[in-house]
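User: I'm new to this structure and would like a friendly tour. Could you walk me through it with questions and answers?

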Amino acid sequence: MGYLSTHVLDSAQGRPGKGIRVDLFAVAEQRTLLKTVYTNDDGRCDEPLLEKDDFKKGVYELVFHTTDYFRSQGVDLPDPAFLGEVVIRFGVASADEHYHVPLLIAPYSYSTYRGS
C-alpha cells in the first residue's frame, strides 16, 4: 500500500525547516481538512500524512505556514509577507504508490517536485 509524506528544506539558511505547521486537505466538491502536523528537527513529519485505507486516489492540498516559520527564525519580513502560506495542490492517481511532496523554501521563493 502507498502513503503520503513530505519534508521541508530552508534553502535560504541551508537547513531543515523545523517546526513548520502543515495542513493537509482533501479537495473534492469542497475542501476538507484531514490533518495538521508540524515538521520535526529534520524538517520531516514523524509519520506518513496518509497511509493504508486513508490514502485514496484524489486531489489533495498541503498548506505550509511559512510566515510563522521565517519570523520565528528572525527573518525580517514585510507585512503582509510575500509568501504567507505555500499551497501545493497535487493529484494521487494510484494509492498503491509512495507520494513524497518535498518543499524547498526561502522568504521569496519555493519549489517542489514529486520525490521518492
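Predicted model: local features only at pLDDT ≥ 70, side-chain atom pairs only at ≥ 80, totals over all residues.

User: Let's begin in the middle. Which residues touch the most other members of the largest nonpolar core?

Analyst: Good place to begin! The largest nonpolar core has 25 residues. At least two residues of this core come from each of β1 (3-10), β3 (21-27), β6 (58-64), α1 (66-72), β7 (86-92) and β8 (98-106). Those touching the most other members are Leu4, Leu62, Phe64 and Phe90.

User: Leaving aside neighbours within four places in sequence, which residues is Phe64 in contact with?

Analyst: Sequence neighbours within four places are set aside here. What remains for Phe64 is Thr6, Val8, Arg21, Val22, Gly84, Glu85, Val86, Ile88, Val101 and Leu103.

User: Now to β3. How many of the seven residues of β3 are buried?

Analyst: Strand β3 is largely enclosed by the rest of the structure. That description holds because, of its seven residues, the number buried is five.

User: Is Asp23 buried or exposed?

Analyst: Asp23 has its place in strand β3. Buried means under 20% relative accessible area. Asp23 has a relative accessibility of 4%, so it counts as buried.

User: Which side chains make polar contacts with the side chain of Asp23?

Analyst: There are two to point out here, each between side chains. One is at 3.1 Å, with Arg21. The other is at 2.7 Å, with Thr36. The names to remember are Arg21 and Thr36.

User: Let's visit the loops. Is Thr39 buried or exposed?

Analyst: Thr39 sits in the loop between β4 and β5. Its relative accessible area is 6%, so Thr39 is buried.

User: Which backbone atoms does the side chain of Thr39 reach?

Analyst: Thr39 is in contact with residues including Gly17, Lys18, Gly19 and Ile20. Its side chain comes to 2.6 Å from an oxygen of Gly17 and to 2.9 Å from a nitrogen of Ile20. The atoms asked for are the backbone oxygen of Gly17 and the backbone nitrogen of Ile20.

User: What is the phi of Lys52 near?

Analyst: Lys52 is in the loop between β5 (50-51) and β6. With a relative accessibility of 55%, it counts as exposed. Its phi is positive in a residue other than glycine, with a value near 50°.

User: One last stop: is the peptide bond from Asp79 to Pro80 cis or trans?

Analyst: Pro80 is found in the loop between α1 and β7. For the bond from Asp79 to Pro80, omega is near 5°. This peptide bond is cis.

Note on methods: Residues numbered from 1 in each chain as written. Heavy atoms only, no water. Core = buried A, V, L, I, M, F, W, Y, C linked by side-chain atoms within 4.5 Å. Buried < 20%, exposed > 50% of the residue type's maximum accessible area, 1.4 Å probe, protein only. Helix = DSSP H or I, 4+ residues; strand = E, 2+ residues; numbered from the N terminus. Contact = heavy atoms within 4.5 Å. Polar contact = N/O pair within 3.5 Å; in protein donor to acceptor, adjacent residues only side chain to side chain.
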